[in-house]
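Hello,

Here is the structure we spoke about. Please open it first, then read the notes below.

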Amino acid sequence: MRVFVAASAVAAFALIGFAQSNAPYMVLKTAKVGGVGAFDYVYADSNGRKLYIPRPGNPNPRVTVYDLDTLEPAGEIPGANARGVAVSVKSGHGFASSKPVTMWDTKNLAVIKKINVDGGPDGIMYDAFNDRVWVFSHAMPHATVINASDGSVAGTIPDLGGAPEQAAGDGKGHLYVDIEDKNNIAVVDAKTLSVTGHYDLTGQGGTCAGLAMDVKNNVLFAACRNPAHMVVLNAGDGTVLKTLQIGTGTDGAVFNPATGEAFSSQGDGTLTVVRELGPSNFVVEQTVQTMPTAKTLTLDSKTGHILLIGAEYGAPPNPPPAGGRGFGRGPMVPDSFSILVVGK
């Protein structure tokens with residue numbers, strides 16, 4: 001059963017939210033850091049004040065590291081052909097979803113070990129409940145669970161019911177994973193490494209690629225591409241509380257508990273801000289213009305800033321590539337890769 005604060009507290013929260021919303025979000029800074037290589041997820045280590053950006057692909061796969069406050073280069077994790085990063089504050093270890101998974105010391109960025117895993121590592125998340133890192137793959141096994149303290153493999157979940165994308169946890173042993181190709185959210189028991197159910201989003205949102213959670217109120221925010229909706233639902237039973245329009249091409253979502261806001265980043269160059277006003281009252285507060293291709297994001301919980309990554313591309317090939325996959329865009333404009341900081 002979901003428990004919310006009393007009505008008077010909800011009203012007070014709504015008033016605080018209204019006051020904060022008077023100052024709109026905007027792009028505060030754009031750092032054109034350049035560099036070759038593709039990009040996918042971006043990750044902010046708010047405690048260690050580092051920003052991690054995987055740059056997969058040839059000729060130099062790596063994880064680039066920046067100072068989270070200045071966006072100046074702070075080092076690299078070489079040889080990690082990864083899509084995402086997760087950090088355990090408890091153990092002081094970082095992990096990249098490469099194959100094998102790369103583990104390093106977050107203080108000096110020294111590689112500690114390589115961890116052999118099956119499947120095709122893609123998404124990744126840190127679960128503070130038991131100090132473990134979850135590595136997700138579209139191919140089986142869909143999830144590999146790693147102990148953050150020593151890098152040992154705790155186990156796998158062979159089948160999540162489809163291709164996993166982003167995940168969120170409640171810090172109490174429950175994980176939720178959006179299943180991109182099945183239009184649902186898998187419910188996972190982190191203690192037993194088992195799937196306990198699925199929340200169907202058919203007709204509300206499809207091809208969901210972002211997932212965030214308000215742990216206090218047990219609310220999930222699923223960012224979906226087709227239709228382009230933010231589906232808000234009760235994490236306890238999957239009841240849909242609200243469906244809101246977002247931009248096109250979402251690939252990530254985060255929730256800021258300090259402000260009661262969820263964010264979805266879209267490849268069309270927009271950032272959708274959804275405010276939680278009460279137990280079943282959610283509104284699109286703002287749509288921020290960012291940068292086309294800036295479809296993944298991360299939250300710096302210390303400053304409340306949202307950081308996104310994107311790049312400029314040349315004209316798409318003519319005719320377009322066969323198969324109808326991808327954006328059909330041209331080559332990346334040299335040194336156009338950028339980090340965007342959004343805040344108030």
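Ala110 sits in the loop between β8 (101-105) and β9 (111-115). This is a predicted model. Ala110 is partly exposed, because its relative accessibility is 35%. Which residues does Ala110 contact, leaving aside its neighbours within four places in sequence? They are Met103, Trp104 and Asp105. Lys295 is 185 residues from Ala110 along the chain, and 29 Å separates their C-alpha atoms.

Within it, Glu180 forms a salt bridge with Arg225. Their closest N and O atoms are 3.1 Å apart. This pair links distant parts of the chain, 45 residues apart. Glu180 is in the loop between β15 (174-179) and β16 (184-189). Arg225 is in the loop between β19 and β20 (229-234). Is Glu180 buried or exposed? Glu180 has a relative accessible area of 14%, and the cut-off for buried is under 20%, so Glu180 counts as buried. Arg225 is partly exposed, at 30% relative accessibility.

Now the other salt bridges. The structure holds 10. One of them joins Arg83 and Asp40, with 3.2 Å between the closest N and O atoms. Arg83 lies in the loop between β5 (73-78) and β6 (85-88), and Asp40 in the loop between β1 (26-32) and β2 (43-45), so this bridge ties together parts 43 residues apart in sequence. Arg83 is partly exposed, with a relative accessible area of 30%. Asp40 is buried, at 9% relative accessibility.

Another pairs Arg275 with Glu261. Here the closest N and O atoms are 2.6 Å apart. Arg275 belongs to strand β24 (residues 270-278) and Glu261 to strand β23 (residues 261-266), so the pair ties together parts 14 residues apart in sequence. Both residues, Arg275 and Glu261, are buried.

Last, the disulfide. How many does a search of the whole structure find? It finds one. Cys208 and Cys224 form it, with their sulfur atoms 2.1 Å apart. Cys208 lies in strand β18 (residues 208-214) and Cys224 in strand β19 (residues 219-224), so the bond ties together parts 16 residues apart in sequence. The torsion about the S-S bond is about 80 degrees, so the disulfide is right-handed. Cys208 is buried, at 0% relative accessibility. Cys224 is buried too, with a relative accessible area of 0%.

Best wishes

Note on methods
Residues are numbered from 1 along each chain as its sequence is written. This is a predicted model: local features need pLDDT of at least 70, side-chain atom pairs count only at pLDDT 80 or more; totals for chains, interfaces and linings use all residues. Side-chain values use heavy atoms; hydrogens and water are left out. A disulfide is a pair of cysteine sulfur atoms within 2.5 Å. Helices (H or I, at least four residues) and strands (E, at least two) are DSSP runs, numbered from the N terminus. Buried means under 20% relative accessible area, exposed over 50%, partly exposed in between (1.4 Å probe, protein chains only). Contact means heavy atoms within 4.5 Å. A salt bridge is a side-chain nitrogen of Lys or Arg within 4 Å of a carboxyl oxygen of Asp or Glu.
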